[in-house]
Amino acid sequence: MGHTAARLTTNDPPAAKEILQQGIAQAGGPVALACSFSVEDVAVIDLATQAGLPLGVFAIDTGRLPEETYIVAETVSQRYGLSIEWYFPQAEAVQQLERQKGLFSFRESLENRHQCCAVRKVEPLRRALSGLSGWVTGMRRAQSVTRNDILPIEVDRAHDGLLKINPLCDWSEQQLWDYARDQRIPIHKLHRQGYPSIGCAPCTRAVKEGEDVRAGRWWWENPEHKECGLHR
């Protein structure tokens, strides 16, 4: 795509709107948010709506999402007047995986977990990104050791050089929740039950006091492995 990463940095939450504006302009074509309906993703939707930015929203239904995710998705859609574009894994690939390895193979090895994520998340994401000039995430550096180096605007070499926009990359947990409270954005019910990070139901649990934000994701794995392949 010929994009050059912009090295914006900020510790001021309002600058997230500027990152979105600059990223969308720099992409020069359609841009969409990959939404899991976390508080981060809803904050991005709220920011884009306030700024009147042309941001699409898509979501991946892995087939194993908690019910609370669908509930907040519907609330977000109605609150912001969004038409959310849902993507699903290929049925044959899911059937083959479950017939060969069972329903919980992802807990047996890192290789098996990556295979499950590839079928349920990574392949649908590639279809979702097709035709886009850029995509937006709610990732923050404070979430985990795997996200320490993300930039506000970067070139996503893993997805054909698309521009990848991370407007909340410098937000702290406090800044995030202050914004959520002040703007009264819809909140995923599991956040209130000790789930700071939410993915598929069998791979997500509440965190214990003192644990990091991503400790409840694939809790049987080492911290440096805790990505599903959507972000590399």
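Where is Cys203 found? Cys203 sits in the segment after α6 (173–183), and I'll come back to it in a minute.

Quick housekeeping. What you see is a predicted model, where local features need pLDDT of at least 70, side-chain atom pairs count only at pLDDT 80 or more, and totals for chains, interfaces and linings use all residues. Residues are numbered from 1 along each chain as its sequence is written, and side-chain values use heavy atoms, with hydrogens and water left out.

Okay, the sheet. There are 6 strands in an open sheet, in the order β3-β2-β1-β4-β6-β5, and the pairing is mixed. Helices (H or I, at least four residues) and strands (E, at least two) are DSSP runs numbered from the N terminus, and two strands pair if DSSP finds at least two bridges between them. At the edges stand β3 (85–87) and β5 (153–156); each has a single partner strand, so one side of each has no neighbour in the sheet. On average, neighbouring strands are turned by 30° against each other, direction ignored. For angles, axes are lines fitted to C-alpha atoms, for helices over the stretch in contact, and values run from 0 to 180 degrees between N-to-C directions.

Now look at β1 (residues 31–34). It runs parallel to β2 (residues 55–60), joined by 4 bridges, and parallel to β4 as well, with 3 bridges. Val31 has a bridge partner in each: Leu55 in β2 and Gly134 in β4. Helix α2 (residues 39–51) packs on the sheet, touching β1, β2 and β4, and its direction makes about 150° with that of β1. Contact here means heavy atoms within 4.5 Å.

Zooming in, Cys117 lies in helix α5 (residues 110–129). Why does Cys117 count as buried? Its relative accessibility is 6%, and buried means under 20% relative accessible area (1.4 Å probe, protein chains only). Cys203 counts as buried too, at 8%. Leaving out residues up to four places away in sequence, Cys203 touches Phe106, Gly216, Arg217, Trp218, Trp219 and Trp220.

Note on methods
Buried means under 20% relative accessible area, exposed over 50%, partly exposed in between (1.4 Å probe, protein chains only).
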